[in-house]
Amino acid sequence: MNMEMKHGKESFEERIMQLPVLDTHTHLVGDRLCASDFWEIAHYFWLFRELQAAGYPANAMELPEDIRIAAFLEAYHGSKNTMMNVVLTQIFKNLYGIVISDAASVLKADAAVKQTAQSVTWAQEVADRMNVRRFVVNIPEHAEFQGMRENAILIPRIDGKLGGWVKEVELSHDPAAAFAQAREKLTQLLDTYKEAGYVGIMTTLPSYEARANRKVVIGQGSTKDEILMMLLHELGAAAEQRGLLVQLFLGVERSWCGTATPVNDPARILKLSALFEAYACTFELVVASELNNLDIVQAAWNFPNVHVGGHWWFNFRTSTYRDSMQYRLEALPAIKSSLIVSDARCMEWSYGKILLVKRIVSDFLWGQVEAGWIDYDTALFVAENWLYSSAAKRYGVAH
């Protein structure tokens with residue numbers, strides 16, 4: 001790469017890093033937004049899995065601190081090629097000025113995190129580093145973000161309720177009556193959310209064999225999948241009537257074992273497509289399974305009310321981001337696509353994962369500019385929508 005092109009790429013990346021972000025799915029808790037110590041960052045689930053693959057014990061927190069630090073360092077150095085390891089390195093280097101290398105550096109990092117945890121401004125400072133304007137949470141009690149300029153956007157999670165209603169109907173001696181009661185509970189719940197001013201609802205879904213284009217009357221002999229699909233019809237109708245968003249998180253299942261697993265079901269989105277056609281509410285599709293990245297783009301291309309969301313669980317990898325960005329760039333107006341789902345449990349990990357995504361976006365879009373597919377201004381336009389404006393418009397957030 002000649003110097004002119006190198007400086008052009010660096011300048012473009014700087015512009016991307018400055019763009020605003022809307023983090024569309026987090027587990028942040030409003031009164032404890034930041035990590036309390038080093039281990040809360042180091043044991044973040046995604047990194048913890050990679051550390052375990054490098055020999056880190058699952059019961060690490062039960063070990064004496066010196067033994068735990070030694071085990072951590074061995075696994076950390078042994079997994080230095082993995083993506084979350086790279087993110088952890090950047091978190092401590094950029095936010096704390098610390099390079100994790102030995103026991104002394106871990107102790108220094110622990111002291112630094114404990115110190116910032118006492119600062120009422122630290123969460124906002126970290127968010128500002130990546131220009132994260134807003135965050136989404138799914139639990140009402142978590143939405144009041146203490147010490148920050150804006151509270152979280154609340155999109156209540158209803159999968160627990162939805163699963164409970166399915167079970168009630170399945171086990172009832174009178175499934176038809178139980179389904180009518182579940183439908184009433186669902187509409188009342190959405191009325192409550194509408195009155196509270198919430199944007200919409202979020203739910204995960206288990207595996208399902210039933211198809212939305214085959215509507216059935218619930219009664220004796222109805223399967224659990226049929227009950228679920230018919231409740232999704234009720235959800236779509238109720239959301240349309242109330243102008244609420246339906247955010248579907250798909251592709252992680254525990255039906256194969258106790259551990260959450262990505263399942264690449266090629267008919268997963270197809271089975272739901274009759275819902276997108278029947279109900280005019282906005283659907284946002286977030287998937288954790290690689291093969292469904294193209295499927296949700298096809299759904300958003302076919303149905304104006306379907307939007308594609310960020311990358312969740314096993315889809316949060318550089319390779320899947322690059323592929324899905326290519327699908328999205330070719331087929332969808334940028335306003336139909338969001339990229340950021342940090343799934344973070346502390347502000348430091350929201351920073352680290354968004355840093356990574358911005359770098360991936362920068363590399364990908366600069367490559368498109370170099371190849372002549374889009375120009376510089378279009379690349380910035382796409383990035384601004386993917387990172388912020390698409391979600392902001394969908395959630396009714398003022399620019």
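**Entry 1: strands that pair**

Two strands pair if DSSP finds at least two bridges between them. I took helices (H or I, at least four residues) and strands (E, at least two) as DSSP runs, numbered from the N terminus. The model I opened is predicted, so I kept its rules beside me: local features need pLDDT of at least 70, side-chain atom pairs count only at pLDDT 80 or more, and totals for chains, interfaces and linings use all residues. Residues are numbered from 1 along each chain as its sequence is written, and side-chain values use heavy atoms, with hydrogens and water left out.

I began with strand 1 and found that 3 bridges link it to strand 2 (residues 132-137), in the parallel sense. One detail to look for on screen is Asp23, whose bridge partner in strand 2 is Phe135.

**Entry 2: strand 4**

Next I looked up burial, where buried means under 20% relative accessible area, exposed over 50%, and partly exposed in between (1.4 Å probe, protein chains only). Strand 4 runs parallel to strand 5, and 5 bridges join them. I spotted Ile201 standing opposite Val246 in strand 5.

In helix 3, I noted Trp46, Leu47, Phe48 and Leu51 as buried. Their cover includes helix 2 (38-42), helix 4 (65-78), helix 5 (83-96) and helix 14 (347-370). Just after helix 3 comes Gly55, with a positive phi of about 105 degrees.

Helix 11 (residues 268-278) has buried residues too, among them Arg268, Lys271 and Phe276. Helix 10, strand 5 (245-250) and helix 12 (292-302) are among the elements that cover them.

**Entry 3: positive phi without glycine**

Trp313 is not a glycine, yet I read a positive phi of about 50 degrees for it. Trp313 sits in the loop between strand 9 (306-311) and helix 13 (318-331). Is Trp313 buried or exposed? Trp313 is buried, with a relative accessible area of 17%.

Asp343 is not a glycine either, and its positive phi is about 60 degrees. I found Asp343 in the loop between helix 13 and helix 14. Asp343 counts as buried, at 7% relative accessibility.

**Entry 4: the largest pocket**

A pocket is an open set of points on a 1 Å grid over the protein atoms alone, where a 1.4 Å probe fits, with protein on both sides within 12 Å along at least five of seven lines; lining residues have an atom within 4 Å of a point. The largest pocket holds about 700 Å³ of space, and 28 residues line it. Arg157, Asp159, Thr204, Val252 and Arg254 lie nearest its centre.

Which helix gives the most to the lining? It is helix 8, with 6 residues. Helix 3 (45-53) and strand 4 (200-204) are among the elements that each supply at least two.

Key: Points joined across faces, edges and corners; volume = space filled by probe spheres on them. Contact = heavy atoms within 4.5 Å.
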